[in-house]
Each structure stands twice: as C-alpha cells, then as structure tokens.
Amino acid sequence: MTEKKGRVFSGARPTGRQHLGNYLGAIKNYVALQGDYRTVYCVVDIHALTTVETTRELALNTQEMTLDWLAAGIDPEKSIIFVQSHVPEVMELHTILSMVTPLGKLTALPTFKEKVRDNPDNVNYGLVGYPVLMSADILLYKADLVPVGTDQIPHLEFAREVVRSFNHRYETNILVEPQAKVTQIPKVVGIDGERKMSKSLDNHIELAATPEETEKRIMSMVTDPQRMRRDDPGNPDVCNVFSLHKIFSSEEEVEEINRECRKAGIGCVDCKRKLAANLNQHLVPFRAKREELSRDPNIVRDVLEDGAKRAKVIASETMSEVREAIGFYGARE
Ligand code: TRP
C-alpha cells in the first residue's frame with residue numbers, strides 16, 4: 001500500500017436520510033478523500049443532544065444516515081465509520097479541553113450567537129461547549145485535515161487555539177493543529193430557491209427518494225422570480241434549477257438550456273423535467289446500492305461496531321498521552 005498523506009476526520013449530526021445538500025457539501029468529499037488519506041467519519045450523536053427536543057428518532061436517524069453514507073461510497077474497508085457515543089473517551093477529552101477554554105471565546109462564536117437567536121429558551125451548557133466537543137472529536141484522532149463547510153471555519157480556528165493552549169499549559173506537543181479543508185462548492189439552495197437546502201426547512205431533495213418523489217420535488221422548485229409567463233425570457237444566472245443542471249446535466253444540455261431559457265425557447269416545466277430525469281439517472285447506482293444494503297439489517301450495525309473498535313484504538317492511545325501530559329496520579333510510569 002502506498003503511504004497515505006495524513007488523517008482526515010469529519011463528523012455530521014445524525015439527520016436521517018441525506019439530501020442533495022449533504023451529498024454535494026460533505027459526502028462527496030468524504031468519498032473522494034478516502035484514497036489519499038486515512039479517513040475517519042463520525043456520526044456525532046452527542047452533538048445532536050445540544051438541540052434535539054426528543055431522542056425518539058436518534059437511533060433511526062443514525063442508521064439511515066449511515067446507510068446513505070455507505071450507499072454513496074464511503075467504504076468501511078478504506079475509512080473508519082463510527083458513532084461518537086460509542087467511543088466515550090471524547091467526553092473525557094472534552095472536559096479536559098474545557099479547562100483551557102476561555103468562556104468568552106465560546107460565546108463570541110457566530111454559530112453560538114445564531115443558535116441563541118433561533119432558540120433563546122434552550123441555551124444549555126452543552127450548547128456553549130459544542131465547539132469544545134467538536135475540538136475533542138478532531139484532536140482525539142489527531143486529524144491533520146477536517147473537511148467542513150464555510151460555516152464551520154470559526155470552529156476549526158477555535159480547535160487550533162485549543163491545541164496551542166493545551167500544549168502550552170502542559171508543556172507538550174501531543175495535540176496536533178488541524179487544518180480546515182473547505183468544500184469547494186457553492187451553497188446548495190433548497191427548492192424554495194432561496195435558503196440553504198435543509199431537512200428542517202423541508203426544502204430538500206432526498207437521495208433515497210423514489211424517482212417519482214424526486215420529480216415531484218423538482219417540479220415544485222422556485223425558478224427565476226422575474227419570469228412570470230412561459231414566453232418571458234428567463235435568467236439562468238439567478239435560477240436554482242439551472243444551478244443543479246450545472247451539476248447533474250451534460251455540458252451540451254447546460255449550454256442549450258442557458259441559451260434557450262434566455263430567449264424563452266424552453267419553459268421552466270420542461271427545464272425541470274430534464275433536471276429530474278438527469279438527477280434520477282445520476283442516482284441509479286446509489287439507489288441500487290442502498291436497496292441492496294438495506295436488505296440486510298445487520299450491515300450498518302456491523303460496520304459501526306467495527307468502526308468503533310478501530311476508533312477506540314486511536315482514542316485510547318491519545319488519552320493515555322493526554323493523562324500523562326497532565327500528570328494525573330498514576331498516569332506516568
Ligand atoms: N459541527 C459540525 C456541523 O455542525 C459537526 C461536527 C461535529 C464536526 N464534530 C465534528 C465536523 C468534527 C467536523 C469535525 O456540521
């Protein structure tokens with residue numbers, strides 16, 4: 001085997017069936033990094049507790065998300081795939097890191113302010129510490145590279161600061177400063193044509209939907225708002241249907257739509273039908289794989305069990321070093 005370049009770690013909250021935004025923004029990248037790096041992908045179910053009202057669907061959401069990951073090509077032979085709560089060392093590291101974290105840094109983060117604004121009645125201690133737990137994820141596995149969306153860049157900078165504080169306080173160099181690897185795709189807008197695609201806004205298109213459901217979702221997409229009638233010329237530059245064509249349709253077709261839309265040669269309905277056909281075509285292998293995987297109810301469980309075992313080896317090694325660096329009684333031989 002050729003030498004791999006370093007370790008990649010990324011995590012995602014268990015949101016159940018994944019949508020196009022998850023795929024283009026994260027999963028596609030996870031898959032692509034598998035060849036060159038030692039990749040570790042984690043379903044961060046503990047993080048999910050900071051905002052959920054109920055855990056009724058937590059386990060199911062973990063199962064469904066993992067199925068989508070596997071069907072999309074995250075390969076347990078190449079990557080460690082595991083559930084955060086199965087390796088509880090992360091909570092130990094979280095507590096230790098919290099002692100080198102100034103509270104003001106946490107409350108100043110834009111993600112925290114946003115959560116407080118959206119949900120002022122649920123500002124719990126764990127929510128404030130969210131980035132500390134995220135740092136613990138990354139640092140426990142000594143990740144060099146962390147693929148994330150732009151909204152997570154402040155968290156990565158925070159993690160780097162935590163590393164410096166920890167290493168400085170305990171006069172060590174065991175923790176590694178991670179680099180963000182920002183996903184190079186524009187934000188995926190939902191079917192409302194306006195906001196980021198998300199399940200909670202119900203403006204998403206699921207990867208595992210049937211072709212009919214997919215077509216229905218696409219037919220309800222908001223297009224260029226200036227184009228009121230079929231014979232009005234449209235502007236593909238502001239149309240979300242066109243953005244998706246650029247990803248899922250052939251170059252010739254994109255060119256043709258670009259040209260025809262501007263002179264009302266093609267209407268929105270036809271344009272969406274083409275998109276639905278191309279997207280459904282694109283998802284054929286994914287859906288077949290998912291179907292195959294979901295026939296065996298043990299696959300996900302086995303993959304995650306094995307992933308946790310492999311993750312634990314790395315985690316316990318790091319924790320021994322951490323305890324030793326701190327100088328807990330009995331930690332140094
Ligand atoms: N905070 C990330 C998000 O909301 C999820 C996450 C948790 C994560 N731990 C991580 C991402 C570690 C990368 C690395 O999307």
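View A. With a relative accessible area of 4%, D137 counts as buried (under 20% relative accessible area is buried, over 50% is exposed, and partly exposed lies in between, using a 1.4 Å probe and protein chains only). What you're looking at is a predicted model, in which local features need pLDDT of at least 70, side-chain atom pairs count only at pLDDT 80 or more, and totals for chains, interfaces and linings use all residues. Residues are numbered from 1 along each chain as its sequence is written, and side-chain values use heavy atoms, with hydrogens and water left out. The helix that carries D137 is α8 (helices, H or I with at least four residues, and strands, E with at least two, are DSSP runs numbered from the N terminus).

View B. R13 goes for an oxygen atom of the ligand instead, with a polar side-chain atom at 3.0 Å. How much of the ligand does the protein bury? On its own the ligand exposes 370 Å², and the protein buries 91% of that (accessible areas come from the Shrake-Rupley method with a 1.4 Å probe).

**View C. The shell around the ligand, piece by piece.** Three elements, β1 (7-12), α8 (130-140) and β4 (145-148), each give two or more residues to this shell. Which of them gives the largest share? That's α8, with 4 residues. In total, 13 residues surround the ligand, and R13, Y130, M134, D137 and Q152 are the closest (a residue is near if one of its heavy atoms lies within 4 Å). Sorted by class, the shell holds 7 nonpolar, 4 polar and 2 charged residues (Ala, Val, Leu, Ile, Met, Phe, Trp, Tyr, Cys and Pro count as nonpolar, Asp, Glu, Lys and Arg as charged, and the others, Gly among them, as polar).

**View E. Two buried residues with polar partners.** H155 belongs to helix α9 (residues 153-169) and is buried, at 3% relative accessibility. Its side chain makes a polar contact with the side chain of T111, at 2.7 Å (a polar contact is a pair of N or O atoms within 3.5 Å; within protein, one must be able to donate a hydrogen and the other to accept it, and residues adjacent in sequence count only if both atoms are side-chain atoms). A polar atom of the N22 side chain lies 2.8 Å from the backbone nitrogen of H19.

**View F. Positive phi in two loops.** K142 isn't a glycine, yet its phi is positive, near 45 degrees. You'll find K142 in the loop between α8 and β4, where it is partly exposed at 23% relative accessibility. E171 isn't a glycine either, and it has a positive phi of about 45 degrees. Its loop runs between α9 and β5. Is E171 buried or exposed? At 74% relative accessibility, E171 counts as exposed.

View G. T107 lies in helix α5 (residues 103-107) and is partly exposed, at 34% relative accessibility. T107 and G129 are 22 residues apart in sequence and 9.2 Å apart from C-alpha to C-alpha. D202 is found in the loop between β5 (179-182) and α10 (211-219). D202 is partly exposed, with a relative accessible area of 46%. From D202 to L93, 109 residues apart along the chain, the C-alpha atoms are separated by 36 Å.
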